[in-house]
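Here is a short report on a single protein chain. Please keep the sequence and the 3D view open while reading.

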Amino acid sequence: MDKNNQTLLQPDLVNQIHNKVTFLNQFELAIINNQLYEMYSLIRENNAELQEKIQSLPLIVSDLQPLISRYLAPNLIRFVQKTLPFLFVEPLNNDFDNYAVFIGDWWNHREIGTLNVISSVMSVDEKIINELKITEQLPSGETINDDKIQEINKNIEGLQEFLSDNTKRKLELQVIEDQLEELKTNKSGLFGRNDKSTKESLEKKQELLQATQKRVPDVEKKLGVHEAELLALEKENALRQLELQSIVAEFNSIEDFVGQINRLPDSYLKSLK
């Protein structure tokens with residue numbers, strides 16, 4: 001029975017080994033001759049999963065992936081920066097297979113996605129892309145943050161108004177304290193008699209003003225938070241406008257730009273022929 005199983009399995013086993021040996025010979029020859037097109041073609045042919053954007057090498061050479069990625073990366077990066085000149089590709093820490101992709105070379109530029117060397121697939125941040133698509137459709141001068149900015153400015157205005165009344169409240173407190181002191185030291189009171197109701201009214205007003213004054217540190221803190229939020233939104237608007245201008249200078253629309261990214265594996269392979 002074991003003998004029969006061996007006989008049945010032998011052709012398939014021999015065929016599998018032959019395929020691996022053939023792949024290794026062809027892959028080695030492509031590397032020797034610096035034939036990048038042949039290398040990528042062999043990877044695709046021998047790894048159906050890769051065509052579904054699973055970023056891996058055929059198992060037989062998977063242990064060499066860091067070396068192979070380092071070998072393939074420079075040419076792919078040059079192609080990306082030639083066809084998409086407003087994108088900048090930078091290495092990730094200790095990751096030879098994937099590179100960070102940024103829009104623009106300005107300070108604080110945003111990472112739009114990652115580039116995988118083996119599959120030559122660029123994965124993009126859908127949130128950033130959707131924001132750019134929305135911004136592209138807005139009338140000139142409008143931004144997707146306008147409603148948020150308007151709400152924050154309204155809050156800031158209220159907080160600033162509260163703080164601007166601080167000096168007035170301090171003066172009122174000082175006057176009340178002086179009046180209470182006079183009532184305390186002068187038995188005849190402000191009006192020639194010890195007016196209990198006047199004293200209670202002043203103390204109630206004093207208590208209210210003091211409670212209001214205690215809110216000042218919290219209000220100042222809230223104001224700082226809102227101002228930071230406003231600055232962040234304004235910076236975000238400025239960056240998004242720069243990104244949009246860079247893209248539409250090369251493409252008709254964000255949709256065309258995304259299409260170019262999606263076609264990257266095929267267009268790159270075609271360029272290697």
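Val21 counts as partly exposed because its relative accessibility is 42%. Here buried means under 20% relative accessible area, exposed means over 50%, and partly exposed lies in between (1.4 Å probe, protein chains only). Val21 sits in helix H1, residues 2–32. Helices (H or I, at least four residues) and strands (E, at least two) are DSSP runs, numbered from the N terminus.

Together with Leu13 and Ile17, Val21 forms a nonpolar patch on the surface. The three share about 270 Å² of accessible area. Areas come from the Shrake-Rupley method with a 1.4 Å probe, and for residues only the protein chains shown count as cover. Patch members have over 30% relative accessible area and no salt bridge; nonpolar side chains (Val, Leu, Ile, Met, Phe, Trp, Tyr) are joined within 5 Å, like charges within 9 Å.

## Basis of the model

This is a predicted model: local features need pLDDT of at least 70, side-chain atom pairs count only at pLDDT 80 or more, and totals for chains, interfaces and linings use all residues. Residues are numbered from 1 along each chain as its sequence is written, and side-chain values use heavy atoms, with hydrogens and water left out.

## The chain as a whole

The chain has 10 helices and four strands. From the N terminus, the order is α-α-α-β-β-β-β-α-α-α-α-α-α-α. Of its 273 residues, 37% count as buried. The accessible surface is about 17600 Å², and 51% of that belongs to carbon and sulfur atoms.

Take the contacts between residues at least 6 apart in sequence: 60% of them join residues at least 24 apart. Contact means heavy atoms within 4.5 Å.

## Where H4 meets H8

How do the axes of helix H4 and helix H8 cross? The axes of H4 (residues 126–137) and H8 (residues 216–248) come within 10 Å and cross at roughly 80°. H4 is therefore roughly perpendicular to H8. Axes are lines fitted to C-alpha atoms, for helices over the stretch in contact, and angles run from 0 to 180 degrees between N-to-C directions. Angles under 35 degrees count as roughly parallel, over 145 as roughly antiparallel, 65 to 115 as roughly perpendicular and the rest as oblique.

On the H4 side, the contacting residues are Ile128, Glu131, Leu132, Thr135 and Glu136. They meet Arg240, Gln241, Glu243, Leu244, Ile247 and Val248 in H8. Asn237 is also found in H8. Asn237 counts as buried, at 10% relative accessibility. Leaving aside neighbours within four places in sequence, Asn237 contacts Thr143, Asn145 and Ile149.

## A salt-bridge network

A salt bridge is a side-chain nitrogen of Lys or Arg within 4 Å of a carboxyl oxygen of Asp or Glu. The count comes to seven. Arg110, Lys127, Glu131, Glu236, Arg240 and Glu243 are linked in a network of such bridges.

Arg240 and Glu131 pair at 3.2 Å, N to O. This pair links distant parts of the chain: Arg240 in H8 and Glu131 in H4 are 109 residues apart. Both are buried, with Arg240 at 1% relative accessible area and Glu131 at 10%. Arg110 also bridges to Glu131, at 3.5 Å, N to O. Here Arg110 lies in the loop between strand S2 (95–103) and strand S3 (111–116), 21 residues from Glu131 in H4. Arg110 is buried at 18%.

Glu236 forms a salt bridge with Arg240, with the closest N and O atoms 2.7 Å apart. Glu236 and Arg240 are four residues apart in H8, so about one helical turn separates them. Glu236 is partly exposed, at 27%.

## Strands and loops

Val89 is found in strand S1, residues 87–92. Val89 is buried, with a relative accessible area of 11%. Not counting residues up to four places away in sequence, Val89 touches Ile77, Val80, Gln81, Tyr99, Ala100, Val101 and Leu115.

Most residues other than glycine have a negative phi. Asn94 has a positive phi, near 55°. Asn94 lies in the loop between S1 and S2 and counts as exposed, at 79% relative accessibility. Ser120 has a positive phi near 55°. Ser120 lies in the loop between S3 and strand S4 (122–124). Is Ser120 buried or exposed? Ser120 is buried, with a relative accessible area of 2%.
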